[in-house]
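Please look through the sequence and the model shown below before reading on.

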Amino acid sequence: MLSSRNSLICWILLTLASLGTASAEELMLTGGPDLSVSFLPEQDWLYAGFAGRVWSVAADGGTASPLTDSSLTLSKPRVSKDGRFVVAVGGPGSNIQNLWLIDTRDGEIRRISNGSWRDDDPVWHPEEAAIVFASDRSGSWQLWKISILDGLVQRLTVEPGYARDPAFSADGRALLYVQTLPDRYELRQRYGRGRPFTLLQSRSAIRYPSARPQGTLLTYWAMEQDGQARLEMLLPTESPIVKVVPDTPKSSPQSLTWKDRDHYFLTNEGRVSLQTFATPGETNVPLTGWLSVARAKPLPLQPTLGTT
């Protein structure tokens, strides 16, 4: 297995070109192992997270424009339905990770959660100016909701085990999430403040449910022993029907980003592709981001020490 450093080099570094100065270089990136995307249908636009920054780019690819700089390390951007805001997660270390809100009009960034815990996997509430996310602030992973207007925080789940990977049904009425219990994983659905209903149970790990637009079909990632995942689909009828989504490459589990009913964006091996659902078809979505980085100064030569 490649080290994380070598993986980063293999996946994201294509070329390093001098700017002609002694203090800076320009680094061309095309993604990376932390790559994730969010789609804004009204503008046919992608918001991508990679190399610790948030970028914007046309949905068919091209040169990405950075929305954030190197002063803050952010990932997993999610754009609001109107395109006004992007929420992302970030923090000073792996044990502290909070929510940050980026105004796409003027680039203003503000922290909307602040504590020595980990917030993760944010999604926009379909009917409120609020974000639903997973957090371990209570001592175990549960789901929470925060208003972007007044910062009011509400706990959504109080259940044994862990609740993670929030998503919403296609009509926006039901909250979907994965409940991790000592002996199984459950894909759950809840309407409003009602009791959750278990759609699926599995002995193997499942991650990141998503709802296919304009229907009731759900997808999720089923983990395999090698750490990769296969995409499966669930038709939540009285007797649920589960099938593997054909012609989808195995991947690390990720939040699925739908473009429309028949296409979704997939990030795999550090690149983005547009997949055709359940039928053969893949279109590469090239992303290019340029970073100016400080050039390391050569160390002074040291005298050689020896014995006589």
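## Burial and a stacked pair

A residue is called buried if its relative accessible area is under 20%, exposed if that area is over 50%, and partly exposed in between, with a 1.4 Å probe and protein chains only. This is a predicted model, in which local features need pLDDT of at least 70 and side-chain atom pairs count only at pLDDT 80 or more, while totals for chains, interfaces and linings use all residues. Residues are numbered from 1 along each chain as its sequence is written, and side-chain values use heavy atoms, leaving out hydrogens and water.

W55 has a relative accessibility of 0% and therefore counts as buried, and F50 is likewise buried, with a relative accessible area of 0%. Rings of Phe, Tyr and Trp (for Trp, its six-membered ring) form a pair if their centres lie within 6.5 Å, and the pair counts as stacked if the planes are under 30 degrees apart, edge-to-face if they are over 60, and tilted for the rest. A search of the whole structure finds five aromatic pairs; one of them joins F50 and W55, which are stacked at 4.9 Å centre to centre with 5 degrees between the planes.

## A tilted pair and its hairpin

The ring centres of W258 and F277 are 5.4 Å apart and the planes stand at 55 degrees, so this pair is tilted. Helices (H or I, at least four residues) and strands (E, at least two) are DSSP runs, numbered from the N terminus. W258 belongs to strand 24 (residues 257-260), whereas F277 is in the loop between strand 26 (271-276) and strand 27 (282-285), so the pair ties together parts that are 19 residues apart in sequence.

Two strands pair if DSSP finds at least two bridges between them. Strand 26 and strand 27 run antiparallel and are joined by four bridges, with V272 having V285 in strand 27 as its bridge partner. The hairpin of these strands has five residues between them, and A278 takes a positive phi near 65 degrees there.

Four strands form an open sheet in the order 12-13-14-15, with antiparallel pairing. Its edge strands, each pairing on one side only, are strand 12 (119-124) and strand 15 (153-155). Within the sheet, six bridges join strand 13 (residues 130-135) to strand 14 (residues 142-147), and these two run antiparallel. I131 stands opposite I146 in strand 14.
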